[in-house]
Amino acid sequence: MGIIIKFVLKNIWEKKLRTLLILISVMLSSALFFATEALSDTAKDLFIERMKVYYGTADLLIYATHNSPSNFFYKHQAERFANDLEYIVGSIETGGNLIVNQETLRLGVKGFTLPELQKMNPFFLVAQRKLYPFQGNKIILSKRTAEEYDLKLGDYLEIEVFGAKRKFLITALAEPVGPFQYDGQNINAVVPLDTLATILNARGKVATLYLKVRDPARKGELIQKLSEAYPRYQVRETITGREMEEYSKSLTTSFQMMGTVVLFMAVYIIYTSFKVITRERLPVIGTFRSIGATRKMTSLVLMIESIMYGVIGGLLGCGLGIGVLYLIMLQILPEFLRNVTPTLRYSPPQLGAAFVLAILIAFISSLVPILKASRIPVKEIILNSNSKPKEKKRWQIITGMVLIGAAASLPPFVPFRLFLPTSMILIFASIIGFILLIPTLTNLFLTVFARVYLYLFGNEGILAAKNLRDNKGILNNISLLAIGISSLLMINTISISVAQEVTNFYRDGKFQIWLWTWQADRGTEALLRKIDGVEATYGIYTANYVEITNLKDRINLVHGVNQYKYLDYWAINVDPTLLAELDTGRKILISNTLRERWQVQKGDFLVLKMTRGERKYQIIGFFDSLMWNGSFALMADRYLKLDMNRQYYDDLFIKTNKDPAIVSTTIKEQLKRRSPYVSTMAELEAENIQANASMFRVMRGFSLLALVIGTFGVFNNLIISFLERQRSLALLRSIGMSKNQSIKMFFIEALTGGLIGGIIGVLSGSLLISISPLIMKAVAADIPLHHSLSLYLSSILAGVLITVTASTSPAFKSSNLDIVTALKYE
Amino acid sequence: MPPIIETFKLCKTFKLGEVEVEVLKEIDLTINEGEFVSIMGPSGSGKSTLLYLMGGLDKPTSGRVRVKEVDLSIMTDKEESVFRRRTVGFVFQFYNLVPNLNVEENIMLPVLLDGKPLKAYRNRLDEILETVGLADRRRHTPRELSGGQQQRVAIARALINEPDIILADEPIGNLDTKTGMGIMALLQKINQVQGKTIVQVTHSMEAAAYGQRIINMRDGKVEE
């Protein structure tokens with residue numbers, strides 16, 4: 001066994017470039033697999049980290065809604081459950097304006113008692129003066145805020161809160177963590193709970209209760225009991241598993257797709273490398289077999305080699321995976337959490353799975369060439385007579401066409417619940433179909449190119465086109481490029497479409513300013529209309545995450561529609577008569593995304609779980625919308641108001657006849673007592689694009705990685721092809737081909753290979769793009785795909801660039817070939 | 001007849017690891033136009049090396065080769081390539097055909113490399129195919145031909161650009177006797193009918209006998 005291991009290690013060591021290529025392929029696949037797996041947990045942690053700013057370690061929240069009798073309530077009903085709770089922390093929180101150095105900053109003012117806050121959301125003071133007793137006009141700021149605005153202990157701050165200016169004394173500075181963490185919008189400060197309660201005439205009361213349960217298994221039961229104790233207040237979990245899952249899924253899906261591309265390419269590279277390895281080793285295999293080794297034994301030697309690549313690549317891949325995970329985290333970390341070192345969450349089983357995957361990739365990809373080599377009779381190996389011309393395999397063409405045909409025609413017939421698995425199978429089918437057709441398609445292209453090349457490149461062009469026929473190295477390159485380009489094309493098309501649709505979503509709004517404020521009603525609208533530049537307003541009732549009990553699903557957003565106004569504010573393609581019909585009863589219009597997901601028809605009933613209990617709504621029609629990923633419905637505002645027990649508007653849409661930015665500032669100024677959240681549509685769009693930008697950056701990084709691995713693979717194939725063709729290249733030199741002609745021929749070959757690879761990649765990519773709506777719908781977003789001509793052209797160009805760049809070394813090697821040596825030996 | 005190939009104190013040394021092997025030792029040789037010369041000698045005597053130097057496939061360590069009064073050592077790569085295309089035609093022991101090109105395409109390769117239009121060579125191609133007896137095999141690929149037929153294609157390829165010299169390295173070394181003699185008869189006919197100068201390297205006395213002159217080599221020297 002020792003001799004065999006030594007033999008294998010020597011083989012691995014001798015071909016350094018090939019070893020490097022296989023190792024990179026294995027390593028990247030396992031690294032990306034690990035990073036994607038671990039990202040899911042890390043992303044959940046990140047989500048919790050984001051939410052900690054607000055909720056600390058609390059599990060449950062109780063707060064007033066639009067429909068509560070008051071904004072404040074007593075803590076004592078909750079104290080009845082003290083035995084089941086680790087803590088009950090009360091607070092009053094509001095927004096304020098901090099006036100410092102003639103600049104007005106938005107400030108989150110949090111009223112707490114310090115011992116309670118410390119329990120719920122631990123903080124660390126770095127300096128304090130006369131902090132205790134924590135009462136009166138004392139305030140704690142974060143160290144970061146103090147440094148940024150040159151504030152010191154003992155300074156007085158002027159804060160505009162609840163419409164009046166008040167002075168607070170800085171008595172402590174805290175590390176910018178926990179409640180003092182900058183949340184991307186507000187600077188946060190803590191004041192005594194009593195102080196805020198006194199200002200608001202609510203002494204002894206709180207606006208929010210934070211609770212931590214002792215036994216997480218009883219969370220549901222406690223929510224139920226607390227809801228009964230506080231019947232007109234909202235009792236909910238701080239962070240739901242579903243929210244975390246959705247956040248994590250939105251991040252990991254794209255990475256999983258990228259990882260699959262790299263995996264495909266790695267499998268192909270290892271497969272082609274092992275085809276060469278087994279061919280090279282045939283003489284040794286023959287020797288082994290002639291002295292008594294069985295087929296199993298010789299195959300075992302090659303399998304040990306492939307497993308070794310898996311083991312080494314897996315070990316390196318795990319290390320690289322941690323690095324990749326860290327880099328992804330740095331990219332997706334929100335701006336306000338940048339000062340927090342991301343905690344990478346990964347487990348030994350995840351590392352183990354990545355390691356096992358590496359071994360499996362190496363082993364499975366090499367299995368076919370190994371088994372094929374083992375089937376060659378020993379006599380043929382020794383006499384080197386295994387050179388029978390291969391018959392063209394008609395079954396390849398037929399199978400290829402059947403697979404492509406299936407991938408192109410099946411999507412419209414797939415039921416929703418099978419979208420994800422079917423789309424994955426169809427993607428595999430189309431890629432394999434194209435790989436099987438590549439020799440035939442290449443010959444077709446070559447016939448065309450040969451005619452054009454005569455005029456473009458002269459006789460060397462014809463020669464290059466002839467050389468490319470049935471050239472395995474070039475066919476492998478074309479396959480590699482086709483896999484890479486088609487997959488990247490699909491991923492990039494989806495990314496571009498998502499980005500474009502995000503933009504389009506904001507363009508569907510026919511208003512310019514979006515406003516959220518506390519207890520908004522017709523009075524608020526009247527106030528707004530008086531503001532210079534405000535042309536019209538529309539207050540709307542909405543409901544989020546409404547459960548559909550008969551379908552065990554939910555609608556993410558329901559708009560309560562005023563039939564006369566709605567279409568003036570939203571460019572939604574829906575028949576106005578249907579909007580009018582909504583007013584005639586409990587009727588609902590749902591998006592086509594939901595229709596497809598639920599497979600429902602006009603006239604079907606949905607049972608909605610609403611504040612006043614379950615209500616039956618009849619579907620009267622469908623419309624296209626991407627709002628909230630297409631999980632969107634419309635009902636009459638009067639029924640939404642009634643069934644959800646709403647008194648106040650949830651959103652206000654404002655049309656302006658002046659610069660929306662200026663009008664928005666005026667509105668903020670005029671309504672500052674209500675601490676409104678006002679944003680222009682342009683700002684919302686920019687924020688969303690910004691939020692997506694980091695994700696796209698990571699995706700582009702992954703695309704680049706796939707291109708790098710593809711370039712390595714192409715380079716490897718070209719070197720192999722050069723080694724195999726040394727003799728015929730020497731022959732051409734012997735009958736008069738000059739060095740320049742040789743280089744020119746090589747580059748034309750590379751150009752042609754790249755061009756054909758690019759074109760087939762684009763063809764295959766178009767098919768993948770036609771399948772991808774199934775994935776998009778299954779994952780949540782029914783986003784129309786935007787085809788970009790420049791993306792298609794740049795894909796072809798990328799194919800050409802990769803092959804031409806990778807052919808530089810073999811081209812120059814061919815020109816400096818030792819003709820005599822290459823010709824002499826058979 | 002005037003000389004067509006001349007060598008002057010031609011030396012070739014190969015480095016095998018640390019050891020230098022002198023393959024050719026100051027060879028002075030003249031081959032006249034229209035001659036059919038056979039170079040014979042044991043393995044390692046330097047006969048193939050001499051042939052490759054005459055054809056400009058290799059560079060001498062010292063000394064000179066003059067073909068048609070032109071010194072090969074002062075040629076640029078481009079001039080050398082043109083020389084190999086137009087002045088000499090090579091025939092190798094293992095035929096060296098391009099496997100994925102058919103008979104016609106293999107024969108036309110030197111024309112392609114010379115940048116000439118293929119159409120202009122149609123008649124010449126037909127003539128050559130008749131000469132080598134492969135008119136009915138023009139669309140076949142090398143894999144579909146016997147060894148003798150493949151060597152005929154190689155000879156046809158060597159002739160297509162109408163070179164003055166044919167250099168053949170063991171042209172029948174890979175063929176059975178009967179087929180080999182057929183090839184030799186073809187080369188002899190080309191020499192006699194077309195007046196081409198032919199230099200062949202061979203181990204076979206029978207093959208050598210088709211030539212007009214035999215040059216014997218031993219240990220890198222000519223023993224005429």
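**Exercise 1.** In what order do the six strands of the open sheet in chain B lie?

*Solution.* The model is predicted: local features need pLDDT of at least 70, side-chain atom pairs count only at pLDDT 80 or more, and totals for chains, interfaces and linings use all residues. Residues are numbered from 1 along each chain as its sequence is written, with chains lettered from A and ligands numbered from 1 in the order in which they are written.

Step 1. The order in chain B is β6-β7-β8-β3-β9-β10, with mixed pairing. Strands are DSSP runs (E, at least two residues; helices are H or I, at least four), numbered from the N terminus, and two strands pair if DSSP finds at least two bridges between them.

Step 2. β6 (88–91) and β10 (221–222) of chain B each have a single partner strand, so one side of each lacks a neighbour in the sheet.

Step 3. β3 (residues 36–40) and β9 (residues 213–218) of chain B are parallel, joined over four bridges; I215(B) in β9(B) is the bridge partner of I39(B).

**Exercise 2.** Which residues have the most contacts inside the largest nonpolar core?

*Solution.* Step 1. They are A35(A), M265(A) and A156(B), in a core of 198 residues. Such a core is a set of buried Ala, Val, Leu, Ile, Met, Phe, Trp, Tyr and Cys residues joined through C-beta atoms within 7 Å; buried denotes 20 or more other C-beta atoms within 10 Å of a residue's own, with C-beta atoms placed from the backbone.

Step 1. Helix α23 (residues 739–779) of chain A contributes the largest share, 18 residues.

Conventions. Buried ≥ 20, exposed ≤ 12 C-beta atoms within 10 Å, placed from the backbone.
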